[in-house]
Amino acid sequence: MNLSLSLLSDQFLLNFSYLWLIVIATTIGIIIGAMPGFGSANTIIMLLPFTLAVDVEVAMIFMVSLFVASHMGGGITSILLNIPGNGGSAATCLDGYPMARKGLGQQALVLSFVASTVGGMVTALMSIFLLPYIARLAFYMHSVEMVVILLFGITLIASVASDNMLKGLIAGFLGLLIGAIGADHIYSTPRGTFGFIELYDGVPLIAVLIGVFAISEALIMMESTSVLSDTGRQMMQQSSWKETWEGVVMSFQRTWHMIWTGIIGLIIGIVPGAGASIAAFVAYQQSRLYSKTPEKYGTGIPEGVIAPESANNGCASGDLIPLLVIGVPGGTTAAVMLIVMTYHGVQLGPRLFIQNPGIGYGVFITMLVAYAVMLFTTLPLTRWVSKLVLIPTPVLAPIIIAFTLVGAFAPRGYMFDLWLTLLFGAIGYICRKTGFNVVALLIGVILGPMLEANVMRALRISGNDPWVFFSSPVGNILWAALAFSLAIPSIVQWRRNRAARMVAA
Amino acid sequence: MSIMLNRRHVLLAGAGAVFAPFASAVQAAGYPDKPLQVLIPTGEGGGVDQAARAFNRIWSKYLGANFEYSYFPGASGQVGYEVFVSKREADGYNILFGNIGPEMIMYATQKVKYKYPQDFVYLGSMDVDDSVIWVGSGSKFKTIQDMVEEGKKREITLSTSRLPHPSTIGALALAEATGMKVRMIPYGGGGPARSAAITGEVDGCATFLSSSLGLGDQARFLTVFNETNRAPELTNNAPPVNQALGTKIPQMSGQRAIAIHAKTVEAYPDRVKKLSETFKQVFADPDYKAVAEKAGTPWEFIQYGDAASCQESAKEFVELADRYRPLLSATK
Amino acid sequence: MNDDRNGKVATGADWIIPILGAAFATYYLISIKDLDWEAKVSGVFCAVVLFLLIGIFALRTVIGLARGTHYLELTSLYEDRKLAIVRGSLFGLTVASVAVIPWAGFTLSTFGFLFAGFLWLQRMSVRAAALTAGSLALFGYVLFILILRTSFPQGPFERLVSALTGL
């Protein structure tokens, strides 16, 4: 791969000459990312007439900026309103929203932006310099390894539901079963669809997301006139630039945390078909696991915002690597980029880096520049955007419902999805009011289908030999890590108990 | 599963041409006065999407209308067809861009609510894309004979985008004819299926040729399911399967095609006439060659097929699928 | 729920989700009974575990009630009467606004929903409610229909604007 300094500096110059375009694209991307139901893939499709008309370099700058910005924007509504803009930012709700309720919304937004930026930039840099090695990772991450990685995410069901394990597990398994609605992964035969053609492709994630989070949150919200606690309200009213700065300090006190969670995102992103939602949940689970204070996760701590946000942006770099290096798109947005690049006659795969190294590496340079630009456009915004939570709930709740319902409808254009969203809104409300953890439910719905697909595929490849799951070295290392991670909490508990007994004795 | 083959339906789509002069001129005058809605039963950015967009760029010139796209992937294309038949108006403004081979196999193996050709007909096809088997560059299989030999000792795994697919039937027919054992692994999409073969999770990939051409040296083509290899220089001169192994496997191709509601053919013969005439004009346009190749389809594969030939090939795939039904369907 | 009152656990409303879950799992199992094992094994696994968990839950509740550590009540589902009315009407309004979309289109139904919501929940004046709801609905129309081109059914408002301006 022909990497040289002059190549990189040329790409930087090119990107700087299109700075205005990056500003426009990232602004669109952030808005799209924050709106549930709208994502980079359908936006880029809508803008195809533009990207097909301009030079391929310009088109790539535009698409890549918009793509990474949509990952960055997803956290905004998760933090302020407990409504994830997309699956990748669902995990951000866990600690982001509690922070906002405490009046730390501005800091949480800054944390999310800085973590996104650091996660995105570090992984983009790694991609530039280690591309051949990172691309090789795809050769080791097969169905078996994905099964274990997904199990890391699934174990989070038990963690988030630790206050009432039984109910949490019921919610989690109900989620898994809801995720098993729709065509099976081998024969594409519809299952559990109640005869609705709209469910053949599975329960649309966005309807669950909006129903369980937005609609039920709007209903819950009505119990007081503000989403903030009383002290939180006072803090928000007095907030100034100081809080933004505090958020920046908080973030960089946890620089290493941002880096390693970003790398988790990168690795998961490389696997075709695995996306930001898995990356975010796995990173959150890992972050909680290696924390000294795992019990504080879920109450609004900075690490709980950093981990998923950094990971889902790290995932953005990973998503594009299979497209560039082997010519196979890893996700929908990458597939749309493929249309544009083939239209412009750019050959993807190994030949890209021989014939057009500028475009190959340019993608990551654009990421670097786009993240830098976004830091300047988003940080000042935090002060104003975070005021959103000051709107009294009787006004806020109807607005949330009206506008998120659009997001439930938009991706597929079925009226059915609106009714489904309302159904999940009611289910989400009952779950919350009766102690069934909705995040556990959501983890089941998101990760269940991918887990099933990978398990069934691994079994089929092996000729239905269950030992296949322990047949690969990388897989076995991951299994060991999983076993270890399940054991850690008990070991810590045991040592604490012993220490307590010693003190008592 | 068998189709009630009814001559009326075979000829319906083409018949528009004959009856059109008698249809009211008023109806035809304004058509099309708004964009056509294209429904794609596979994912955005997929092979059909790319080909449809390339084709429509030229078609809009002759038709005098633009195109708007929507995507309804799921259950191997069933969702798209169900939505098209039950929720789209039969007015000549709604067309479906699909792929006859895989989608007729899906029709034959899954429980669908629509009927072919009572509910929709193919108006014309735009290319013929052959099924192939290829392996990753690191594979020990240099020829299809190598794979067949090994396959007699152990089960060969081949990735495919989905089970109801001509290349799956091709591979199963090959296994039946040679005594090799083969296990098809569906990945739910062309991208992941290709990636699995390149990264060595499976022994090889069974798919359509054109979507694998961009892989370059990463893929080594072993065989083509047709009587001749129409793009030998792009496929390391892989031999046609029957020539290499002395088998008698029928041609396994995909034909990307447009479909319209059968009701449209009856209610708006003039619109259908305009559609089919302008559809055909595209193939003579020199610009089409450029955009089709840009979209990744080699010019050798571009081939106009009329309504009758689409019907013929649809029928063949339903018969083929019936033969392999137990291997392709979850309902026994 | 589970707010300990004299160390007792409330139960009653928290049966809804397990009952729904068990009903759905039963339906799911019936829907896949004729399929090949590869299509049903994971569904069967999840359903069986879910039944087990629900069984444990039921057992615990029954034992708790028998021993007197649990007590029955339903109010935790809606807290108090006033909140129940507020939430019920908000949800009812939402259902109504979705139901009229096919005829009224996005803009009018959104306007109606917001207008009614502001009037009823926030006790805004008619003028303020109409103004706020109107501008929000218009903003939604521009953003979602004109710019993002979501395919909502067209209502009188959309048809009028399109006839007047050709957008």
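These notebook entries record what I looked up in the structure shown above.

**Entry 1. Ground rules**

I noted that this is a predicted model, in which local features need pLDDT of at least 70 and side-chain atom pairs count only at pLDDT 80 or more, while totals for chains, interfaces and linings use all residues. Residues are numbered from 1 along each chain as its sequence is written, chains are lettered from A and ligands numbered from 1 in the order in which they are written, and side-chain values use heavy atoms, with hydrogens and water left out.

**Entry 2. Chain A as a whole**

I began with the secondary structure of chain A and found 21 helices and zero strands. Helices here are DSSP runs of H or I with at least four residues, strands are runs of E with at least two, and both are numbered from the N terminus.

I then looked up the overall dimensions. The C-alpha trace of chain A spans about 65 × 60 × 60 Å along its principal axes. Its radius of gyration is 22 Å, which agrees with the value near 23 Å that a compact globule of 505 residues would have. That radius is taken over C-alpha atoms, and the globule rule is 2.2 Å times the number of residues to the power 0.38.

Of the 505 residues in chain A, 68% are buried. Buried means under 20% relative accessible area, exposed means over 50%, and partly exposed lies in between (1.4 Å probe, protein chains only). For contacts, meaning heavy atoms within 4.5 Å, I took those in chain A with a separation of 6 or more: residues 24 or more positions apart account for 80% of them.

Chain A exposes about 16,300 Å², and carbon and sulfur atoms supply 68% of this area. The areas come from the Shrake-Rupley method with a 1.4 Å probe; for residues, only the protein chains shown count as cover.

I also recorded 23 positive and 21 negative side chains in chain A, the centres of the two sets lying 10 Å apart. Lys and Arg count as positive, Asp and Glu as negative, and His and the chain ends are not counted. Each charge is placed at NZ of Lys, CZ of Arg, CG of Asp or CD of Glu.

I looked up A:M367 and found it in helix α17 (residues 357-385). A:M367 counts as buried because its relative accessibility is 0%. Leaving out residues up to four places away in sequence, A:M367 touches A:V64, A:V68, A:A124, A:A316, A:S317 and A:L320. A:M367 and A:L66 are 301 residues apart in sequence, yet their C-alpha atoms are 9.7 Å apart in space.

A:T43 belongs to helix α3 (residues 40-46) and, at 4% relative accessibility, counts as buried.

With residues up to four places away in sequence not counted, A:W479 touches A:V148, A:L151, A:F469 and A:F470. A:F469 is ten residues from A:W479 along the chain, with 9.2 Å between their C-alpha atoms.

**Entry 3. Chain B**

Chain B has 15 helices and twelve strands. Its radius of gyration of 20 Å is close to the 20 Å given by the globule rule for 332 residues, so chain B is as compact as a globular protein of that length. Its C-alpha trace spans about 70 × 45 × 30 Å along the principal axes, and 62% of its 332 residues count as buried.

The accessible surface of chain B comes to about 12,100 Å², with 52% belonging to carbon and sulfur atoms. The mean positions of its 35 positive and 34 negative charges are 4 Å apart.

I examined helix α5 (residues 100-109) of chain B, where ten of the ten residues are buried, so the helix is largely enclosed by the rest of the structure. Among these buried residues are B:E103 and B:Y107.

B:T297 lies in the loop between α13 (286-294) and β12 (302-305). At 5% relative accessibility, B:T297 counts as buried. Its contacts, apart from neighbours within four places in sequence, are B:D127, B:R256, B:A292 and B:I302.
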